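Here are a few notes on some backbone and side-chain details I'd like you to look at.

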Amino acid sequence: MINFFSVKARKEVKKLLISKPLLAFDFDGTLAPLVERPERAQMSQRTRKLLMALSKHYTIAVISGRARQDLTERLGVKLDYVVGNHGLEGLPGRAESLQRAIRTCRIWSRQLALNWAELEAEKMVFIEDKKMSLSIHYRGARHVVRVRNLIEHKIKNLKPSPRIIPGKYIFNLMPPGSVHKGTALLKVMQMARCKDAWFLGDDITDDYVFNLGHPGITGILIGRRLGVDAQYFISSQRSIDRALCLILNISVSEAENSLGGLGQSRRKR
């Protein structure tokens, strides 16, 4: 992976932006800093303004594990595509699978409630019910390894068996056969008629995009991890505004150059 802010990357980025790719982002850990409680997550005003500015030049999508309504409220800005629950919400043709997912999550919630006593003492271990998927958070656990093992044991006994997407101190429980961020991005690209896309994400759930191996997708990983097929990396979430500024400045510069060239062409006529 190449540092996104390196001289080499800057030259490559200029070329890649010529095709006007779809710009897609994860939310938690990418557009917003990671926090212990999901309800405390918020995107900065500066990040919001940069997204708004970029939306004048590109099609913008946010693809998150959050419920779509929650995600929309936290973004606070109108974007082209807002996809929630790892791709279950915000895309067409999902009505039947959504209802099936809601029923499945209700069953899991009842099963987990009956077997949660061992974890009750861990105040920062909790279940986030997103209606169509469940997330079990344990970022604030006092005994992380013990808690993680307990959670893994409990979710392996759930019926029907969930598709488990692990993340940073989180287990995401998805209905069997459901979509993921990779299939969601491909669908958005199809809907937006974009043959190229960029995706910025930080979590293991974002690896479904990075590891697609799609020739038109450029992956930008927030942080550094092994086993990820992203082309570029940004050292931490604190640098997201710098990355957005870089993309925006290149885009504005190219737009101005195009207008300048058009003016010269008209004068020659």
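1. Which loop holds Tyr169? Tyr169 sits in the loop between β7 and β8 (170-174). Keep in mind that this is a predicted model. Tyr169 has a positive phi of about 60°, though it isn't a glycine.

2. You'll find Lys131 in the loop between β5 and β6 (134-137).

3. Next, a peptide bond to check: the one from Lys159 to Pro160 is cis, with omega near -5°. Pro160 belongs to the loop between α5 (144-156) and β7 (163-167). For context, most peptide bonds are trans, and most residues other than glycine have a negative phi.

4. Then there's Glu128, in strand β5 (residues 126-129). Glu128 is buried but has no salt bridge. The nearest side chain of opposite charge is Lys130, 4.6 Å away, and a salt bridge would need a side-chain nitrogen within 4 Å of a carboxyl oxygen.

5. What does the side chain of Glu128 have a polar contact with? That would be the side chain of His137, at 2.7 Å. Setting aside neighbours within four places in sequence, Glu128 also touches Pro38, Ser133, Leu134 and Ser135, with His137 on that contact list as well.

Conventions: Residues are numbered from 1 along each chain as its sequence is written. This is a predicted model: local features need pLDDT of at least 70, side-chain atom pairs count only at pLDDT 80 or more; totals for chains, interfaces and linings use all residues. Side-chain values use heavy atoms; hydrogens and water are left out. Helices (H or I, at least four residues) and strands (E, at least two) are DSSP runs, numbered from the N terminus. Buried means under 20% relative accessible area, exposed over 50%, partly exposed in between (1.4 Å probe, protein chains only). Lys and Arg count as positive and Asp and Glu as negative; His and the chain ends are not counted. A polar contact is a pair of N or O atoms within 3.5 Å; within protein, one must be able to donate a hydrogen and the other to accept it, and residues adjacent in sequence count only if both atoms are side-chain atoms. Contact means heavy atoms within 4.5 Å.
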